[in-house]
Amino acid sequence: MVPEAAAAGATRTGVKRIAVIGGGPGGLYAAALLKRLDPDREITVWERNAPEDTFGFGVVLSDETLGGIEHADPVVYRALRDAFVRWDDIDIVHRGVTQASGGHGFAALGRRRLLRILRERCQSLGVHLRFRTEAPPAAELAATHDLVIAADGVHSLTRAAHADTFGPRLTTHRCRYIWLAADFALDAFRFETAETAYGVMQLHGYPYSADASTVIVEMREEVWRAAGFDSCTVEHSTLRCAKIFTEALGGRTLRSNNSSWLTFRTVVNAHWSHGNTVLIGDAAHTAHFSIGSGTKLAVEDALALAACIEEQPDLPQALSAYEAERRPVVESTQRAAAASLRWFEELGTYVDQPPRQFAFNLLTRSRRVTHDNLRLRDASFTAAVEEEFGCAPGVPPMFTPLRLRGLELRNRVVVSPMDMYSAADGVPGDFHLVHLGARALGGAGLVMTEMVCVSAEGRITPGCTGLYTPEQAAAWTRITDFVHAGAPGTAIGVQLGHSGRKGSTRLMWEGIDQPLDHGNWPLAAASPIPYADGVNQVPHALDRAGLDTVREQFVSAARRADRCGFDLLELHCAHGYLLSGFLSPLTNHRTDEYGGPLRNRLRFPLEVFDAVRAVWPDDRPMTVRISATDWAEGGTTAEDAVETARAFVAHGADAIDVSTGQVVPDERPEYGRSYQTPYADRIRNTLCVPVIAVGAISSWDDVNSLLLAGRADLCALARPHLYDPHWTLHAAAEQGYGGPGAPWPLPYRAGSRTPPTGRTDAPKPRLTLG
């Protein structure tokens, strides 16, 4: 928001002469705000196109953005308000069935109308507008102006000219799309799929005036080519799109406007300013159109930039403050947009979902709309989705049971495996009893051990637990007995693994992945490649005898796990440990039958799986944890992960526990809320197999959303269970649920209600005398 006092005061930063490159919404609004704040400023906007030339048709703005505009410039706000078309509903049409969801709240107007409002505001304030005029290079303008605002779009010449400073990273995605328009107003935001002979296509449409709607048609690149759109003229493409989506359009035609088939490009910059030149809008960042944030972000950039220029004592501090304020907001939006973009890229994997689940999945694709949020917006729609999922009345999705072989889990919450590094000679002690026992008492359906090592040389650290001696087995039996007796109905699973090249390291808090100062043991791996070159020791590549020995170590540990009373066994084939090291092409450079193509890299992990499955009781489930991507160039891909999961399922895996990364030290994960869940989602909906989703799932709302959308069958949480051992019981209490999916232990039942707190409100006046 632009400070009220600044509008009447002097310019603190001394910015008097301003050049704006680009006459789109961001550039025009920035010019209007800065001129309004200081009428003595000389501001010029360069736009190479004519005033009425524009790309696209309608623009969607949020109430939050409109609120900022209202406070900063009531004149612009009133003009926008009078032009807006508003609606609440989203219609999702799939296989001829329409699912309607209300309560969403949209406001849109024509892009030409928006630009006209902003142009008129600039002209009324005395901003110089130079249309049909190419702007001089930013470096040239920077020499003669106090500030240069580069609002020159996704193909920004300014960004390209100073790429060494801005550090742009441009990512091109997998779908083609075209902006079109229809000369009638849709009565809702409409998503529609068309399953054609060439593949799945989708329509995004929304009204932007009383008699017009934006229509975007999108499809995967290979579908676009197979359909022959790569050789069609725009006119022919427009006619074909109207025919494909004739029901959505009521048989009406579509029209184009400087339209062409495009591939979306995500723009990220390491820095947003260079000297006195600053990027805003699409020049600085882009977010996929499916969440409707392009113009919104540009306008909000303009608001923040103007405010920071007025608030800060000089321009460098103003530009720094602008970036510091906007970057977290933009990155959050880009994460949501990336999730939405990927959802539409993978649309073909969802088309067989039940209609309501498909609609719920689409609505929650960006993770900004969640189960709880959608229940507030449209309770009846959400209730119908819950009923279709199998929720009994009043039962949240996370508290529905799930059966894997002979094991029925009372709810969908898993305490994720977490290394505690607190064992002595591989023996779990009192710490492990309390740690796992507390989380079992806390209500989760399944509590997993940390990675339990199958041999002394297969430990990660001296503090890792094992299952290769009678003493270790006795200690684990003590723990499983407690869980079964103290928390009836809670299942406990064991995760078996071997450290491979990541072994013989210090405890996590003493230096993660750093070798021991003394007492190191030799390491074995698929190939003689150290985890960190020059830091960790070089492992020896397992030969035939070594492979047989390791396989038998897993078998022996599985037999002990059976006798210990574990309910489920998970084979650890993730995170760069031994079996994972065979799967990743970055760590497996073998030239024998265990190296090369994925089918060969799978050979040894599958041999181990088969040998363990053969001795593990048939009525007890067995899962496999994989790293679905290495987050590194040349590593495991999402496609590899699907094929890896397919192979394990074919060999008898009951569920795939889908994690990512930790395979190589130079990985670059895309961290964010639920950031690993799309990989579980893809495996589940491609193969129709149960999956366990992990990765920054932090709220019960996230769990319910993932389950209802059909992206996961179980959700594994780690850090939330460290923060709160009773996370599941508290999630039940917060949702008003007290059924069999989350029973409180009898000694704890008095704590099943939120403790009362002192009053924080003062008594209201009973009588006011004038």
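## Lining of the Largest Cavity

Four elements, namely α21 (578-583), α22 (598-601), β25 (622-627) and α24 (638-650), each supply at least two residues of the lining of the largest cavity. Of these contributions, the largest share comes from α24, with three residues. The model described here is predicted.

In total, 14 residues line this cavity, and those nearest its centre are Leu583, Ser584, Ser627, Thr636 and Thr644. Sorted by class, the lining comprises six nonpolar, five polar and three charged residues. The volume of the largest cavity is about 100 Å³. A search of the whole structure finds six cavities of 30 Å³ or more.

## Packing of α18 and α20

Helix α18 covers residues 470-486 and helix α20 covers residues 544-564. The two helices pack at an angle of about 35°, and their axes are 9 Å apart. Their crossing is right-handed.

On the α18 side, the residues in contact are Pro470, Ala473, Trp476, Thr477 and Thr480. On the α20 side, they are Arg560, Arg563 and Cys564. By class, this contact has four nonpolar, two polar and two charged residues.

## Annotated Domains

An unreviewed UniProt entry places a feature named "domain: FAD-binding" at residues 18-334. In the model, this span is 39% helix and 30% strand. The C-alpha atoms at the ends of residues 18-334 lie 29 Å apart.

For residues 398-732, UniProt lists "domain: NADH:flavin oxidoreductase/NADH oxidase N-terminal", again from an unreviewed entry. The span of residues 398-732 is 36% helix and 16% strand. Its end C-alpha atoms lie 9 Å apart.

Terms used
Residues are numbered from 1 along each chain as its sequence is written. This is a predicted model: local features need pLDDT of at least 70, side-chain atom pairs count only at pLDDT 80 or more; totals for chains, interfaces and linings use all residues. Side-chain values use heavy atoms; hydrogens and water are left out. Axes are lines fitted to C-alpha atoms, for helices over the stretch in contact, and angles run from 0 to 180 degrees between N-to-C directions. A crossing is left-handed if the near helix is turned anticlockwise from the far one by less than a right angle, and right-handed if clockwise. Contact means heavy atoms within 4.5 Å. Ala, Val, Leu, Ile, Met, Phe, Trp, Tyr, Cys and Pro count as nonpolar, Asp, Glu, Lys and Arg as charged, and the others, Gly among them, as polar. UniProt positions are given in the numbering used here, feature names are shortened, and annotations may be inferred rather than shown by experiment. On a 1 Å grid over the protein atoms alone, a cavity is a set of points where a 1.4 Å probe fits but cannot get out, and a pocket is an open set with protein on both sides within 12 Å along at least five of seven lines; lining residues have an atom within 4 Å of a point. Grid points are joined across faces, edges and corners, and a volume is the space filled by probe spheres set on the points.
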